[in-house]
Amino acid sequence: MKFLSTRGQTPPHSFTEAVATGLAPDGGLFVPETLPRLTPADLAALAPLPYPALTHALLSRFATDIPEGTLRALVEKSYTRFDHPDIAPIVRLDGTVSVLELFHGPTLAFKDFALQLLGNLYEYQCERHGGTLNVLGATSGDTGSAAIHGLLGKPRVNIFIAYPDGRTSALQERQMACTGAPNVHALAVEGTFDDAQRALKELFADQPFRVRHRLSAVNSINIARILAQCAYYLHAWLRLPEAERGATEFVVPTGNFGNVLAGWLLQKMGVPIRGFRVATNQNDILHRLFTTGDYRVGEVRPSLAPSMDIQVSSNFERYLYYTLGGDTARVREIMETFARTGRYRFEHFDPDTLRSSRCDDAEIPVLIRETYRRHGYIADPHTACAFKDLSKDGPSLILATAHPAKFPETIRDAIGLTPTHPSLEALKQRPLVRQRVPATAAAIRARIEAAA
Ligand SMILES: *Cc1c(COP(=O)(O)O)cnc(C)c1O
């Protein structure tokens, strides 16, 4: 299987090349050249498989340049640090509403599903080619900690995560800075998230430095992340009662559009999922697009669901590519217009099987409270957004993207209880090892050189 760019001006890449490259050189995103077809017979054969075996069966159709046994071992290893035997369990709240819990991984957020695997893929590449890799990322929270825990203790990979000092939650900082692993560098940058990102961009632009230290970026556009996430949609769909499989709407708290895209691609592979709801918070560029056809960037407004505080959803480009029938010239034109003007107006925007909802900060505590009162279930602030506008025509499966204990203040304010989790309690006992750095490329460069 080869991987092509959504903008059509990059030669085909193998799976491992596309994973190592991240962003395609023409500025587009990698997509598989074809989507495999999962027939009803395939689905019946996949149904009894436990989570890791199911993920392997799906990925083996894409990662065709990794030997079968190696891929199986990489996938198996990626799901050993989850604290629930089902990996992605379904909790039924009543006759029509169920929750797919995606927060049983090491950092208690759904990003672990992709980043545990990506960490192992990076390590595999280092073993194959020799040398050390330096993985860099800027984060305002969840992605940084999930990336760190994906690479924790891997001898050939150093990870540097820059975050704005004093602006992540205390628990998020502890997840990044209390690992005790020598290959993890939590950099508390004296500035904002944008300052941290700018410093990293400058480092990546320095080609000789980038090559000498084999820099690689953590971001949400890696194709391996999307494909890894397809697996929990399949796992969940196969575990729904047969009568509900074709009737259930999957509801996805959305920021960068990676999560919902994975489900939608699985549907395109032949799994008869009824449809998806893109649940946004007050940063609602996607909701505005779905309801008006106007794709228009706005200011990011910090919310109670911070991992969805995104205005431009990078993975949306992959969805465009498919809905435009693979017309890469159109994708290029739309993305270039949008980059230049901050806006694109679609004459006829076809949402396919997606719809959307928007939940502002005043509604989040209300939804947490109502869900707790009605079902005795505590939803984290991101998941709470999905409880708005539930379908009236059939059952809903809500993807729970984070454990409520990651957001103790918001939950306490909503229901007067403070959720806890043993792994977060344990973190509070450990020493914080962080490096304060000025928000400059030179300061971060010095840290990378010192670790080499
Ligand atoms: C990253 C994140 C999201 C948004 O997911 P996307 O794939 O970016 O749409 C939602 N909830 C939580 C808790 C997250 O960490």
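This is a predicted model: local features need pLDDT of at least 70, side-chain atom pairs count only at pLDDT 80 or more; totals for chains, interfaces and linings use all residues.

Q: Fine. Which residues touch the most other members of the largest nonpolar core?

A: Tyr-232, Phe-250, Phe-257 and Leu-266 do, in a core of 101 residues.

Q: And which helix gives the most to this core?

A: That's α10, residues 223-239, with 13 residues.

Q: What is Leu-266 in contact with, leaving aside neighbours within four places in sequence?

A: Leu-38, Leu-58, Cys-230, Tyr-233, Leu-234, Val-271 and Ile-273.

Q: What about the second, separate core: how many residues does it have?

A: That core has 23 residues, among them Met-308, Leu-367, Tyr-377 and Phe-387.

Q: Back to α10. At what angle do the axes of α5 and α10 cross?

A: Roughly 130°, and the axes come within 8 Å; α5 here is residues 111-129. Oblique counts as neither roughly parallel, roughly antiparallel nor roughly perpendicular, so at that angle α5 and α10 are oblique to each other. The crossing is right-handed.

Q: Which residues of α5 and α10 meet there?

A: From α5 you have Lys-111, Phe-113, Ala-114, Leu-115, Leu-117, Leu-118 and Leu-121, and from α10 Ala-224, Arg-225, Ala-228, Gln-229 and Tyr-232. By class, the contact of α5 with α10 splits into 9 nonpolar, 1 polar and 2 charged residues. Tyr-232 is also one of the residues that touch the most other members of the largest core.

Q: Now α3 and α4. How far apart are their axes?

A: They are 9 Å apart, and the helices, residues 51-59 and 68-78, pack at an angle of about 135°. That makes α3 and α4 oblique to each other as well, and their crossing is right-handed.

Q: Who makes the contact between α3 and α4?

A: On α3 the contact residues are Pro-52, Thr-55, His-56 and Leu-59, while α4 brings in Glu-68, Leu-71, Arg-72, Val-75 and Glu-76. The contact of α3 with α4 counts 4 nonpolar, 2 polar and 3 charged residues.

Q: Changing topic: why is α14 called largely enclosed by the rest of the structure?

A: Because 6 of its 8 residues, 316-323, are buried. The buried ones are Phe-316, Glu-317, Arg-318, Tyr-319, Leu-320 and Tyr-321. Just after α14, Gly-325 has a positive phi of about 65°.

Q: Which residues of α13 are buried?

A: Ile-285, Leu-286, His-287, Leu-289 and Phe-290, in a helix covering residues 285-292. Their cover includes β10, β11, α14, α15 and β13. Just after α13 there's Gly-293, with a positive phi of about 80°.

Q: Which residue other than glycine has a positive phi?

A: Phe-257 is one of them, at about 75°. Phe-257 sits in the loop between β9 and α12, and its relative accessible area is 2%, so it is buried.

Q: And Arg-214, buried or partly exposed?

A: Partly exposed, with a relative accessible area of 30%. Arg-214 is in the loop between α9 and β8, and its phi is positive too, near 45°.

Q: Where does Glu-249 lie?

A: In strand β9, residues 249-253. Glu-249 has a relative accessible area of 4%, which means it is buried, since the cut-off is under 20%.

Methods
Residues are numbered from 1 along each chain as its sequence is written. Side-chain values use heavy atoms; hydrogens and water are left out. Buried means under 20% relative accessible area, exposed over 50%, partly exposed in between (1.4 Å probe, protein chains only). Helices (H or I, at least four residues) and strands (E, at least two) are DSSP runs, numbered from the N terminus. Axes are lines fitted to C-alpha atoms, for helices over the stretch in contact, and angles run from 0 to 180 degrees between N-to-C directions. Angles under 35 degrees count as roughly parallel, over 145 as roughly antiparallel, 65 to 115 as roughly perpendicular and the rest as oblique. A crossing is left-handed if the near helix is turned anticlockwise from the far one by less than a right angle, and right-handed if clockwise. Contact means heavy atoms within 4.5 Å. Ala, Val, Leu, Ile, Met, Phe, Trp, Tyr, Cys and Pro count as nonpolar, Asp, Glu, Lys and Arg as charged, and the others, Gly among them, as polar. A nonpolar core is a set of buried Ala, Val, Leu, Ile, Met, Phe, Trp, Tyr and Cys residues joined through side-chain atoms within 4.5 Å.
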